[in-house]
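Reader: Could you walk me through this structure step by step? I am new to this and would like to ask things as we go.

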Amino acid sequence: RQTTSNDGTISADNTGAAVLTQQKAFVSGAAATIVIPAGSIIHQIQGYINDAATSRAISLTVNGTTTSVGSLSTADLGVASATFTADAAVANLLANVGAYDCTVTLASESSSAGTLSVTYTARNSDGTITPYGSGLSNS
């Protein structure tokens, strides 16, 4: 990538991290899952509720270990944001899901439906970001 002077020199590295979102429909009586890449930071988990009930538990599974991280209220129609457990381990897991892909699970519940939405930034598996233009030179 060139500098703004457009003189052929390469810009300094920048992170250029992209925020991504995945969605998955959920229906009454069934869990919904979304897999996000290793090293990701989870920004938010939301539900677009079109058939209301009570709430569904949210868990993250990384390398065979499942951690309950909070819940999503499905009591009202519309957009609902997850309520996360106030715990350092949960905060650390949301900040970096770890060296393995992470499965986000919205648990089964008897009578709600809608769309699960997970927003995250994909990073290297160790949670770092490789700068845009890394390794390029003007020579």
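Author: Let us begin with a pair of strands: S4, residues 55-62, and S8, residues 102-106, pair in the antiparallel sense over 5 bridges. Strands here are DSSP runs (E, at least two residues), as helices are (H or I, at least four), numbered from the N terminus, and two strands pair if DSSP finds at least two bridges between them. Please keep in mind that this is a predicted model, in which local features need pLDDT of at least 70 and side-chain atom pairs count only at pLDDT 80 or more, while totals for chains, interfaces and linings use all residues. Residues are numbered from 1 along each chain as its sequence is written, and side-chain values use heavy atoms, with hydrogens and water left out.

Reader: Is S8 enclosed or open to the outside?

Author: S8 is largely enclosed by the rest of the structure, because 4 of its 5 residues are buried. Buried means under 20% relative accessible area, exposed means over 50%, and partly exposed lies in between (1.4 Å probe, protein chains only).

Reader: New topic: which residues of H1 are buried, and which are exposed?

Author: Val90, Leu93 and Leu94 are the buried residues of H1. They lie on the same side of H1, because they cover an arc of only 100° around the axis, the arc being that of the directions from the helix axis to the C-beta atoms. On the other side of H1, Ala88 and Asn92 are exposed.

Reader: And what do the buried ones pack against?

Author: The buried residues of H1 pack against strand S3 (41-51), S4, S5 and S7, where contact means heavy atoms within 4.5 Å. At the start of H1, a side-chain oxygen of Asp87 comes to within 2.8 Å of the backbone nitrogen of Ala89.

Reader: Which residues touch the most other members of the largest nonpolar core?

Author: In that core of 24 residues, they are Ile36, Ile42, Val104 and Val118. A nonpolar core is a set of buried Ala, Val, Leu, Ile, Met, Phe, Trp, Tyr and Cys residues joined through side-chain atoms within 4.5 Å. Leaving aside neighbours within four places in sequence, the contacts of Val118 include Leu20, Ile34, Ile36, Ile42 and Val104.

Reader: One last thing: is Arg56 buried or exposed, and what about Asn63?

Author: Arg56, which is found in strand S4, counts as buried because its relative accessibility is 1%. A polar atom of the Arg56 side chain lies 2.9 Å from the backbone oxygen of Ala30, and a polar atom of that side chain lies 3.1 Å from the backbone oxygen of Ala107. Asn63, by contrast, is exposed, with a relative accessible area of 52%. Asn63 sits in the loop between S4 and S5, and has a positive phi of about 50° although it is not a glycine.

Terms used: Polar contact = N/O pair within 3.5 Å; in protein donor to acceptor, adjacent residues only side chain to side chain.
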